[in-house]
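Trainee: Could we go through this one together? I would like to know what to look at and in what order.

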Amino acid sequence: MPLIVQKYGGTSVGNIERIKNVAKKIKKAVDAGNKVVVISSAMSGETDRLLGLTRELSSRPDPREQDMVVSTGEQVAIGLVAIALKELGIDAVSLTGWQVPIITDDVHTKARIKKIDTHRIRKHLDEGKVVIVAGFQGVTEGGDITTLGRGGSDTSAVALAAALKADVCEIYTDVPGVFTADPRIVENARKIPVISYEEMMEMASLGSKVMQIRSVEFGAKYGVKIHVRSSFNDEEGTWIVEENEEMEKMIVRGISHELKESRITVVRVPDKPGVAAKLFKALGDRNIVVDMIVQNVSHKGFTDISFTVNKTDADVAEEIAKEVAQEIGAEEVERNDKIAKVSIVGLGMKTHAGTAAKMFEVLSKEGINIYAISTSEIKISVLIDEKYAELAVRSLHEAFIENMEGDIQYE
Ligand code: ADP
Ligand code: ASP
Ligand code: MG
């Protein structure tokens, strides 16, 4: 009997009508002769609401207690889905992360899954039940509830599909698949029928939140077939699979953007060995992940060093930069929270020259200034003013996706 893992996101279980709709979809899969394991997110808005409550009490809530609070959103949703299924005559049982159990490390609020004990799930499946598991949460070896980071239900689903060796992991969401750009910003964005794990990982890490990055890493590692699709219709969505030669013909598969970073600049740094090491070691020691780094050309023995960090780390990073600036005799530290990172992603970049030049040309035609650039084999990212983010995404989409169809990409 085929085994399907289905994950429903927050919007898909956003109200009672939608939960009934989800139950009908699950019933359909059961009636078609499948064993079904369901992962549910919290009802839309609920995780934010719960986080908001913790923030009313503290600007930096204790991470263990924060997990205790925010993990409850999923518990409500799985119980409701199970009740809705029973109303349709389908036997179902809901399980929290600790009831499964899904064992994680103890890094509260962004824990990583270490192992999943599948015995209880298999027992319920053998009893003919649909098993509804809470997404986003797990439990430490010591018995404390953890959460997996925002969007973490995707990772719960793919990890469970890997552990159960499921035939497919279906990610049901509020868009019909993975698009060439965020469909909420680019009207002409197109659904991508097939995308490689590697491209999806880049897009996810560069801001396309349709899949949490760790879920795609799991998928790639264990070869889980992932199908991202709409919970509102039966349309075929996007398949995330191993890369193949055909995929390299496409220079740019998608355009991602990210507004979650801040830029910090240390101004007039004496240009001598060891200065950058000092700054980035201090940041690393405080667990701050630095994304982009630029050092200007030295001028009369001085230079500027800029770097970007997640906005949530910007206060601490700025503090550290100020301390180090004083130590090394730099002039001052500037901070800009209104920046955006816009990226183009595609396997075809490995084999096609001139992509960066074309990207910069498109942006310059729109009068958009580039503050920093970073590249890998299959992506190019630029840092720009936040107010130009949508314009940049749209013009890059037009140049690399809309105007290229049937053109060089399929030469
Ligand atoms: P869920 O609650 O189902 O997990 P999310 O809100 O986490 O859903 O992810 C779906 C959202 O991701 C879409 O509503 C869309 O706005 C956004 N998104 C960003 N980039 C893309 C993309 N390239 N393709 C599809 N959706 C995208
Ligand atoms: N409910 C969690 C969140 O909002 C997890 C998820 O939806 O995937 O981040
Ligand atoms: Mg999500």
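Mentor: Let us settle one term before anything else: a residue counts as buried when its relative accessible area is under 20%, and as exposed when that area is over 50%. Please also keep in mind that this is a predicted model.

Trainee: Okay, so is tyrosine 8 buried or exposed?

Mentor: Tyrosine 8 has a relative accessibility of 0%, which is under the 20% limit, so it counts as buried.

Trainee: How many aromatic pairs are there?

Mentor: The count comes to 3 aromatic pairs. One of them joins tyrosine 8 and tyrosine 172, whose ring centres are 4.8 Å apart and whose planes stand at 10°, so this pair is stacked.

Trainee: And where do those two tyrosines sit in the chain?

Mentor: Tyrosine 8 belongs to strand β1, residues 3-8, while tyrosine 172 belongs to strand β9, residues 168-173, so the pair ties together parts that lie 164 residues apart in sequence. Tyrosine 172 is buried too, with a relative accessible area of 5%.

Trainee: What about phenylalanine 280 and phenylalanine 307, how are their rings arranged?

Mentor: Their ring centres are 5.5 Å apart and their planes are at 80°, so that pair is edge-to-face. Phenylalanine 280 comes from helix α9 and phenylalanine 307 from strand β16, so here the parts tied together are 27 residues apart in sequence. Phenylalanine 307 counts as buried, at 1% relative accessibility.

Trainee: Switching to the annotation, where does UniProt place the ACT domain feature?

Mentor: The UniProt record, an unreviewed entry, places "domain: ACT" at residues 264-338 and 344-411. In the model, residues 264-338 are 35% helix and 36% strand, and the C-alpha atoms at the two ends of that stretch are 11 Å apart.

Trainee: Now the ligand. Which residues surround ligand 2?

Mentor: Ligand 2 is surrounded by Ser41, Ala42, Thr47, Glu74, Phe136, Arg150, Gly151, Gly152 and Ser153. By class, that shell divides into 2 nonpolar, 5 polar and 2 charged residues.

Trainee: How much of ligand 2 does the protein bury?

Mentor: Taken alone, ligand 2 exposes 260 Å², and the protein buries 86% of that.

Trainee: Last topic, the backbone. What should I check there?

Mentor: Most residues other than glycine have a negative phi, and most peptide bonds are trans, so departures from either pattern deserve a second look. The peptide bond from valine 100 to proline 101 is cis, with omega near -10°, and proline 101 is found in the loop between β3 and β4.

Trainee: And which phi do asparagine 287 and lysine 300 have?

Mentor: Asparagine 287 has a positive phi of about 65°, and lysine 300 has a positive phi near 50°. Asparagine 287 is in the loop between α9 and β15, whereas lysine 300 is in the loop between β15 and β16.

Trainee: Are those two buried or exposed?

Mentor: Asparagine 287 is exposed, with a relative accessible area of 69%, and lysine 300 is exposed as well, at 73%.

How values were computed:
Residues are numbered from 1 along each chain as its sequence is written. Chains are lettered from A and ligands numbered from 1 in the order in which they are written. This is a predicted model: local features need pLDDT of at least 70, side-chain atom pairs count only at pLDDT 80 or more; totals for chains, interfaces and linings use all residues. Side-chain values use heavy atoms; hydrogens and water are left out. A residue is near a molecule or strand if one of its heavy atoms lies within 4 Å of it. Accessible areas come from the Shrake-Rupley method with a 1.4 Å probe; for residues, only the protein chains shown count as cover. Ala, Val, Leu, Ile, Met, Phe, Trp, Tyr, Cys and Pro count as nonpolar, Asp, Glu, Lys and Arg as charged, and the others, Gly among them, as polar. Helices (H or I, at least four residues) and strands (E, at least two) are DSSP runs, numbered from the N terminus. Buried means under 20% relative accessible area, exposed over 50%, partly exposed in between (1.4 Å probe, protein chains only). UniProt positions are given in the numbering used here, feature names are shortened, and annotations may be inferred rather than shown by experiment. Rings of Phe, Tyr and Trp (its six-membered ring) pair if their centres lie within 6.5 Å; planes under 30 degrees apart count as stacked, over 60 as edge-to-face and the rest as tilted.
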